[in-house]
Structures are given as C-alpha cells and as structure tokens.
Amino acid sequence: MLDYGKTCACLFRDISHTQHLHSADKMVGPKYTRGRRGSFTPMVYCRFFLGMLCGFIDMLHLVWLEILKLALLKIPCRHYDKTNLKRNTLPLLEGGRTRKAETDMKNEKLLKIVFTGIFAALSYVVFTFLQIKIPLPGGDATSIHLGNAVCVLGALLLGGLYGGLGGAIGMTIGDLLDPVYVVYAPKTFILKLCIGLITGLIAHKIAHISTETDNKKVYKWCFAAAVGGLLFNVIFDPLLGYFYKLAILGKPAAELTLAWNVTSTSINAVTSTIVAVLVYMALRPALKKSGLFFTV
C-alpha cells in the first residue's frame, strides 16, 4: 500500500508538470517546451490510470485475504473445566455446538456475499468485453452476450437473491459505463434480478437441487430453472424495453428495434441456458470436495 501511494503521488506530479508545460505552450509557443519531460499527456494519463488500476487490484487482494481469514480461520474457542468434568462437559459441548452453528451460519453468509461480488465482477467482464454489439436505428444498439449465463449460474450456486444481485450489479455497471446503454441501467437491474429470483425459486424452493443426489434430476431441474428464468427475460426484456423507449425516453424507433431485441434476447437465452447448466454440473462436484458448496 505504501508503494501504491508513492506511485500515485509521482503520477499526480507528472500530470501537474504536464499541465504546467501545456500552459507554457499557450503562452510562449510549443517550440520552447517541445520534447521536455511530461509533454506527452496521453502517455502520462495512461500511466496514471494503470497505476490507479494496479493499486485498486492490490486493495481488493488485501480485502479478499482479510475476508478469507474471517470466513475460514475463525474457529470457536471451547473451554472445559477439568476439576468437575462430569458435571460441566455436557453443557459446554452443547454451547460449543451452538456457537459453532452460529459461526458457520455467519461464515456461510459472508462467503455468499464474497461470491456475489465475484459473480458481479464476472458478469461485468463477460457482458462488457465478450459481447457482439449490433447497432440499431435511432442511435440504439442491442447485443449478443453471455452475461445472463453468469446470472443463472449464480442463482444455481448461491440462491436466487445472491445470484440475481451478482448478475444485476455487474451488468448494471456495464450499462452505466457504456454511453449507448447508460439510459437502460434501471431496466437492466430489475430484469437481471428477476432472472436470478425465478431461477432460484425453481431450482431451490421447488426442486431443492442443493440436497438432491441424483445427477439426472439435478440436470433436469437445472435446465428447467434456467429456462424459466431466461424465458421471463425473453418476454419482458423486449416489452419493457419497448415501453421504456416509447414512454420514458420518447424514441420513435422503438417499433423498429423491437424485432431485433426479441431476436437477440432469444439467442442470448438459448446460449446462456446451455452454458450455465453445463458449467454448474461441472462445478458441483468440485465445490463439494472443496467445501464451498452451499445448501440453499
């Protein structure tokens, strides 16, 4: 963290020096300052951005280590009275079990929050950098992506609320950072959260896949849950987008873009269903062996 602070200080100094030189360019002309240190502002700003990014990743790494310490290394302390063992052993054991159960519940909730953040970051990366954007009339756009697959996978692993929040937060951030999609960020958050809630409802409240031992039943119910969540998105994403554009944003091209939105949403639903179910079935045994499989 100290090195990161020194790096940022140096970068701020470079930027200030660059701005001073460009002010001198305007006053006395560029020939007196050309070639001097700090005269290339794009490179300096790139260095500053990379330094901030590396520092942010370093801080996330430190936070992750602290969370792991709290979640995995917090062991309840048990004390026994050796002088009167027969009378005190049973209450102490029962108290130890109670404390251990409470600690396990807190650790499981903390781990779910951590994994929610991981799924949010994953959905942002998949949605932002692995999408095929299709320009539409009126300056609009639609895209083919696998962001919904991350949302469904999170709901299958963590439950509907945590998985839906992970996918909704990640893709909403992706919308906010994209000038084309920024106006649709509220719609994205609501729809992706609903995908997770519906998927989790079918998978965990109806089928109880986290306690099911028959892999064939697990596969069938995972497929049904993914279809249910993404079918909701296929129906309501184009409709809500149409009325959102027409009523709120006042875009006359809403009717022209409706067919494209239905097509892209359907393609996303099919690919996301296949990917989410296959990845879940592959991760399920590995997570059970590592002790990171949640019983929802």
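This is a predicted model: local features need pLDDT of at least 70, side-chain atom pairs count only at pLDDT 80 or more; totals for chains, interfaces and linings use all residues.
Which charged end sits over the ring of Phe293? That of Lys288, 5.3 Å from the ring centre.

Start with the ring pairs. The count comes to 5 aromatic pairs. One of them joins Phe115 and Phe294: the ring centres lie 5.8 Å apart and the planes meet at 80°, so this pair is edge-to-face, the cut-off being over 60 degrees. The two partners come from distant parts of the chain. Phe115 belongs to helix H3, residues 85-129. Phe294 lies in the segment after helix H8 (254-290). The limit is under 20%.

Helix H3 also holds Phe127. This residue forms an aromatic pair with Tyr181, with 6.1 Å from centre to centre. Here the planes are 40° apart, and the pair is tilted. Tyr181 sits in the loop between helix H5 (160-176) and helix H6 (185-206), so the pair ties together parts that are 54 residues apart in sequence. Both Phe127 and Tyr181 are buried.

A nonpolar patch of about 640 Å² is made by Phe223, Val227, Leu231, Ile235, Phe236, Leu239 and Phe243. Take Phe236 from that list. Helix H7, residues 215-249, contains Phe236. Is Phe236 buried or partly exposed? Its relative accessible area is 41%, so Phe236 is partly exposed. Patch residues need over 30%.

Key
Residues are numbered from 1 along each chain as its sequence is written. Side-chain values use heavy atoms; hydrogens and water are left out. Rings of Phe, Tyr and Trp (its six-membered ring) pair if their centres lie within 6.5 Å; planes under 30 degrees apart count as stacked, over 60 as edge-to-face and the rest as tilted. Helices (H or I, at least four residues) and strands (E, at least two) are DSSP runs, numbered from the N terminus. Buried means under 20% relative accessible area, exposed over 50%, partly exposed in between (1.4 Å probe, protein chains only). A charge sits over a ring if NZ of Lys or CZ of Arg is within 6 Å of the ring centre and within 35 degrees of the ring normal. Patches are made of residues with over 30% relative accessible area and no salt bridge: like charges are joined within 9 Å, nonpolar side chains (Val, Leu, Ile, Met, Phe, Trp, Tyr) within 5 Å. Accessible areas come from the Shrake-Rupley method with a 1.4 Å probe; for residues, only the protein chains shown count as cover. A salt bridge is a side-chain nitrogen of Lys or Arg within 4 Å of a carboxyl oxygen of Asp or Glu.
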